[in-house]
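This report covers salt bridges and the nonpolar core. Please keep the sequence and the model in view while reading.

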Amino acid sequence: MRSLRAAQTFRSLLSARPLHGAASPAAAAAAAGSRWCAPLVPPPRLPPPSPRVMPGGVAGAVSFSLTFATVAAAEAKAKERPPTDLLPQNVVLYQYQACPFCNKVRAFLDYHDIPYKVVEVNPLSKKEIKWSDYKKVPILTVDGEQLVDSSDIINILQRRIRPDDELTNEEEAKWRRWVDEHLVHMLSPNIYRTTSEALESFDYIAQHGNFSFTERFAVKYAGAAAMYMVSKKLKKKYNITDERASLYDAANTWVEALNGREFLGGSKPNLADLAVFGVLRPIRYLRAGKDMVENTQIGEWYQRMENAVGEPSRIQE
């Protein structure tokens with residue numbers, strides 16, 4: 001009975017609506033990506049010592065200073081932290097770890113170095129968000145104010161931290177819509193393509209989601225079975241004949257949109273870059289994501305995004 005209830009719950013969770021943060025933790029879900037952090041920039045090579053040997057203590061201090069400055073400069077270039085007086089305070093994200101819409105919001109928060117706490121929601125009981133009339137994730141609270149819908153959350157935060165900037169340009173807006181209306185729908189048919197891939201995805205969900213011990217077993221097996229069947233219906237709904245080919249086409253479409261630029265935003269990511277990175281992050285190291293990187297040209301851009309977004313700004317409790 002518990003297994004049946006879990007399967008039914010995950011089936012209902014998948015009806016992802018384009019602009020709603022995640023009525024579909026499962027669609028999103030299956031493949032969450034933990035953080036993959038870029039290596040620190042190596043310290044610069046110092047020139048060979050001159051005939052006048054520098055005292056050891058001074059040389060060490062100089063070397064340390066240069067190394068620290070190099071690393072600090074790299075982080076400063078990557079992160080886009082808002083001015084202190086505009087930095088949002090008391091930020092709490094209610095999420096499913098594997099949800100692509102939640103990952104969109106996390107990518108924005110991490111890139112802008114906005115500290116936030118995370119509340120992992122149990123997708124079966126949703127007891128963590130019973131206080132809210134909105135029963136999907138992500139939900140973001142900022143100083144107690146509730147924000148919902150991943151795209152709306154990002155728009156509101158962007159206006160707050162960059163009040164003098166134009167919110168978005170036509171190209172950026174076009175590709176943000178493409179993420180919500182097309183790219184995200186390529187995920188579930190790929191991560192639940194076979195029974196083994198469905199189990200791989202739900203193994204991650206079971207381990208990283210907010211489940212009791214008994215729920216964990218039901219979620220992994222009943223959820224994987226349910227989503228394997230649901231993915232077949234999604235293929236038909238979105239007119240997908242070959243899951244991998246559709247995913248590769250989407251990745252190649254994005255690379256073509258870059259048109260040789262490091263990011264769609266040029267020398268630094270814009271909101272569309274962060275949206276694409278966010279929804280792909282949960283699948284990057286699942287079989288579907290590995291295949292995508294091996295069979296398309298998106299890998300270099302993805303690595304640049306990992307470097308730019310950097311370390312998560314999540315507050316560990």
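D203 and K220 form a salt bridge, with the closest N and O atoms 3.3 Å apart. A salt bridge here is a side-chain nitrogen of Lys or Arg within 4 Å of a carboxyl oxygen of Asp or Glu. D203 sits in helix α8 (residues 195–208) and K220 in helix α9 (residues 213–237), 17 residues apart. Helices are DSSP runs (H or I, at least four residues), numbered from the N terminus. At 27% relative accessibility, D203 counts as partly exposed. Buried means under 20% relative accessible area, exposed over 50%, and partly exposed in between (1.4 Å probe, protein chains only).

## Basis of the model

The model is predicted: local features need pLDDT of at least 70, side-chain atom pairs count only at pLDDT 80 or more, and totals for chains, interfaces and linings use all residues. Residues are numbered from 1 along each chain as its sequence is written, and side-chain values use heavy atoms, leaving out hydrogens and water.

The structure holds twelve salt bridges. One of them pairs K104 with D180, the closest N and O atoms being 2.9 Å apart. The two come from distant parts of the chain: K104 from helix α4 (residues 100–111), D180 from helix α6 (residues 170–181), 76 residues apart. K104 counts as buried, at 2% relative accessibility. D180 is also buried, at 2%.

R281 and D110 meet in another salt bridge (3.8 Å, N to O). R281 lies in the loop between α11 and α12 (287–295) and D110 in helix α4, so this pair ties together parts 171 residues apart in sequence. R281 is buried at 1% relative accessibility. D110 is buried at 0%.

Some salt bridges share partners. Such bridges join R193, E197, R244 and D291 into one network.

## The core between the domains

Which residues touch the most other members of the largest nonpolar core? They are L140, W254, L280 and W301, out of 77 residues. A nonpolar core is a set of buried Ala, Val, Leu, Ile, Met, Phe, Trp, Tyr and Cys residues joined through side-chain atoms within 4.5 Å. Helix α11 (residues 271–280) gives the largest share, eight residues. Domain 1 (84–161) and domain 2 (169–309) both contribute, so the core lies between them. The domain bounds come from an automatic or database domain assignment.

Leaving aside neighbours within four places in sequence, L140 is in contact (heavy atoms within 4.5 Å) with V91, V92, L93, L109, E145, Q146, L147, I153 and L157.
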